[in-house]
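Visitor: I am new to reading structures. Could you take me through this one?

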Amino acid sequence: MIRRRPFRTLLALVAVLLAALAWQNRAHLQAFPRIIGAYTAKEYCSCRYVMGHPAAYCAAYVEQYLPLSGFFDDPLKRRVTARGLGSSQTAQWLGPRQGCRLLAQAVPLPES
Amino acid sequence: MPVSPLRRLGLALAVVSCAGLARAERWPGAAWPVAEVAPSPAIAALQAYAFPARDEASRSGVRSDALLVIRDGQVVYERYAGPTRADTPHLTWSVSKSLLAAILGVAYGEGRFQLEAPVARYYPAFAAHPQVKVGHLLNWASGLAWQEDYEYAPLKSSVVAMLYTRGRADMAGFAAAHAADAAPGTRFRYSSGDSNVLAAALQGMVGAAAYPDYPWTALFEPLGIRSAVWETDAAGTFVGSSYSYMTARDLARIGLLMQRDGRWGERQLLPRAWVAFNRTPFANYRGQAAQPGEAVPGGHWWLNAELPGAPRPWADAPADTFAALGHWGQALYVLPGAKLVVVRYADDRDGSYRHNQLLKLVLAAFAEQLQP
């Protein structure tokens, strides 16, 4: 069988290995899509509302290689939502000593 | 009872030397005293290294946001760049770890904990690791299988998961859930998880009621620090690993406290033994020849220590130099012998900045000539 279909066997073997690797790292893989939105929302919020930097500076400061598909800064509520890899995340400024923190539930992005 | 003349002389000398000390010693009040220093080629060289033209598009090279030099309690150099100003509470990243250690030092002086005590005594969620002691965490030697890399291994990075995804609701709990892969106290492995477990243990040490204000009541207010922000996770634990903010001038106050062995004016805020522990290399640390320039871990501070068989990490700085260091170039350097404190805030996005080079230029510009 192996001798008759060497490529198919190799492909199947690679697929099995990849599946095993994915299963082994499932917790990491599951969390991965949240990173970009969470990083952007949290660090933008702190840049803007803790350090007090201008919005344009903070937008450049948090920029990563992965693109965002949505971003909304609500200056009245001091609340920042960012969306990337299909996951929205929200950070909220809480007070002068507490700074910003990621919320458990993201606030939906406004319709554009 | 007659007092011997010799003893009387000794007492008189002690009084005189104390008075002399009090006169000579400068401390910041609400503001820092500023000393006028004439421009010099050495200062120009320092400035050229720390503040080259910033390229916001490529974000390459040395990108200092702030550089503040304190000599013997007075500002001798101060400059800001980018949007950072004298009143900006700048993110310190992992400098926070050493600030947490200073706060723990106050609690230590109050007798709230022992270095030899199991962490689980103060943080019950750490019960799965009964052999790990408070001192082990301060040496980043818990033995937990922590993965600190972030930018190059984001998938498996424990730090990224702790700050942004799986661990963010309870960062210390997330760290505590890691398995051990070395015996406690035997192996150095830099870990933001260890630092956040310490931040959670502090709550057990000082009590839940005092905890939310403790960094301020214990350390910031006595030092006159007014700009500090310290973010917490959803469990209310200070993100001791990463998320403290303050102005460069306020961070320099902690530097001066450390330069003067934990004393602030008349008050011994941190026990001298605590500062000595901060400045003692972790006994089981093995310097890696492959990474020259890497400072030696002490008790949640970084040391320019000369270990047997290895040169000191920053060759042009004195061996008594120690520092709090953070991501993207944040640094608080303390040079007790030279009576210098240096705060650097930055946004270094590549690895081109060198601690040794900055310290060499600071020393050339501001170290006082020793009187013969």
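Visitor: How many bridges join strand β1 (residues 70-74) of chain A to β2(A)?

Guide: This is a predicted model, in which local features need pLDDT of at least 70 and side-chain atom pairs count only at pLDDT 80 or more, while totals for chains, interfaces and linings use all residues. Residues are numbered from 1 along each chain as its sequence is written, and chains are lettered from A and ligands numbered from 1 in the order in which they are written. Helices (H or I, at least four residues) and strands (E, at least two) are DSSP runs, numbered from the N terminus, and two strands pair if DSSP finds at least two bridges between them. β1(A) and β2(A) run antiparallel, and the number of bridges that join them is five.

Visitor: How many residues of strand β2 (residues 79-84) of chain A are buried?

Guide: A residue is buried if 20 or more other C-beta atoms lie within 10 Å of its own, exposed if 12 or fewer, and partly exposed in between, with C-beta atoms placed from the backbone. β2(A) is mostly covered, and of its six residues the number buried is five.

Visitor: Which residue of β3(A) is the bridge partner of Val80(A)?

Guide: β2(A) and β3(A) run antiparallel and are joined by six bridges. They form a hairpin with two residues between them, where Leu85(A) in the turn has a positive phi of about 50 degrees. In β3(A), the partner of Val80(A) is Ala91(A).

Visitor: What is the bridge partner of Gly95(A) in β4(A)?

Guide: Strand β3 (residues 87-95) of chain A pairs with strand β4 (residues 99-102) of chain A in the antiparallel sense, over four bridges. Gly95(A) has as its partner Gly99(A).

Visitor: Which element supplies the largest share of the side of chain B that touches chain A?

Guide: Two residues are in contact if their C-beta atoms, placed from the backbone, lie within 7 Å. The contact takes 23 residues from chain B and 24 residues from chain A. On the chain B side, β3 (90-91), α5 (158-164) and β4 (229-230) each supply at least two residues. The largest share, three residues, comes from α5(B).

Visitor: Why is one side of β3 and of β4 of chain B left without a neighbour in the sheet?

Guide: These strands belong to an open sheet of three strands with antiparallel pairing, in the order β3-β5-β4 (chain B). β3(B) pairs with strand β5 (residues 244-246) of chain B over two bridges, and His90(B) is opposite Met246(B) there. β3 and β4 of chain B lack a neighbour on one side because each stands at an edge, with a single partner strand.

Visitor: What arc do the buried residues of helix α8 (residues 214-223) of chain B cover?

Guide: The buried residues of α8(B) are Tyr214(B), Pro215(B), Ala218(B), Leu219(B), Phe220(B) and Leu223(B). The arc is that of the directions from the helix axis to the C-beta atoms. These residues lie on the same side of α8(B) because their arc is only 140 degrees.

Visitor: Is Pro130(B) buried or exposed?

Guide: Pro130(B) is in the loop between α3 and α4 (134-138) of chain B. Leaving aside neighbours within four places in sequence, Pro130(B) is in contact with Pro118(B) and Ala120(B). Because it has 12 C-beta neighbours inside 10 Å, Pro130(B) counts as exposed.
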